Amino acid sequence: MDISLVAAKVLGAYLVIGGLFVIFRGKTIPHLLKDFFDHPAVVYLSGVILIFLSSLLLIQNNVWDGTWRTLVTVLAWLVLIKGLCYLFFPEVLQKMVTKKLLESVSLYGLIALVAGLSLFSIN
């Protein structure tokens, strides 16, 4: 199986599960984020893990050919940027989580669910 296809399936499953969690348990997100950002070691380790996993994806699949493989590459770059932000700018991320953002969390869950299903259905 092509590495791009594996990456699409893994990212798709991640987005589907995350989207469903946000849709059904979105009210718990403010509490989760508060606890998350209150523990700098957890934020640091999350950043390191995101950087490691996205680097693996980018080393194997850094494709810019305008097909669905490009979407996998873009998502991998976004995960890398998120990991770097966890390491170097955690307070900025914490401030970005506002009530306005949390009010539209169901919409983000729906977007993640649709994106995940489309990635997961690629053959």
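Colleague: Leaving aside neighbours within four places in sequence, which residues is Thr70 in contact with?

Modeller: Thr70 touches Val63, Trp64 and Asp65 once those neighbours are set aside. Please note that this is a predicted model.

Colleague: Which polar atom of the backbone lies 3.2 Å from the side chain of Thr70?

Modeller: The backbone nitrogen of Asp65 is at that distance from a polar atom of the Thr70 side chain. Thr70 itself belongs to helix 4.

Colleague: Is Thr70 buried or exposed?

Modeller: Thr70 has a relative accessible area of 15%, so it is buried, the cut-off being under 20%.

Colleague: Turning to the aromatics, how many aromatic pairs does the structure hold?

Modeller: There are 2 aromatic pairs. In one of them, the ring centres of Phe36 and Phe37 are 5.1 Å apart and the planes stand at 75 degrees, so this pair is edge-to-face.

Colleague: Are Phe36 and Phe37 buried or exposed?

Modeller: Phe36 is buried at 17% relative accessible area, and Phe37 is buried at 13%.

Colleague: Which residues do the ring pairs link into a cluster?

Modeller: The cluster consists of Phe36, Phe37 and Tyr86.

Colleague: How much space lies in the largest pocket, and which element gives the most to its lining?

Modeller: The space is about 1,800 Å³, and helix 1 gives the most, with 9 residues. By class, the lining has 34 nonpolar, 5 polar and 1 charged residues.

Methods
Residues are numbered from 1 along each chain as its sequence is written. This is a predicted model: local features need pLDDT of at least 70, side-chain atom pairs count only at pLDDT 80 or more; totals for chains, interfaces and linings use all residues. Side-chain values use heavy atoms; hydrogens and water are left out. On a 1 Å grid over the protein atoms alone, a cavity is a set of points where a 1.4 Å probe fits but cannot get out, and a pocket is an open set with protein on both sides within 12 Å along at least five of seven lines; lining residues have an atom within 4 Å of a point. Grid points are joined across faces, edges and corners, and a volume is the space filled by probe spheres set on the points. Helices (H or I, at least four residues) and strands (E, at least two) are DSSP runs, numbered from the N terminus. Ala, Val, Leu, Ile, Met, Phe, Trp, Tyr, Cys and Pro count as nonpolar, Asp, Glu, Lys and Arg as charged, and the others, Gly among them, as polar. Buried means under 20% relative accessible area, exposed over 50%, partly exposed in between (1.4 Å probe, protein chains only). A polar contact is a pair of N or O atoms within 3.5 Å; within protein, one must be able to donate a hydrogen and the other to accept it, and residues adjacent in sequence count only if both atoms are side-chain atoms. Contact means heavy atoms within 4.5 Å. Rings of Phe, Tyr and Trp (its six-membered ring) pair if their centres lie within 6.5 Å; planes under 30 degrees apart count as stacked, over 60 as edge-to-face and the rest as tilted.
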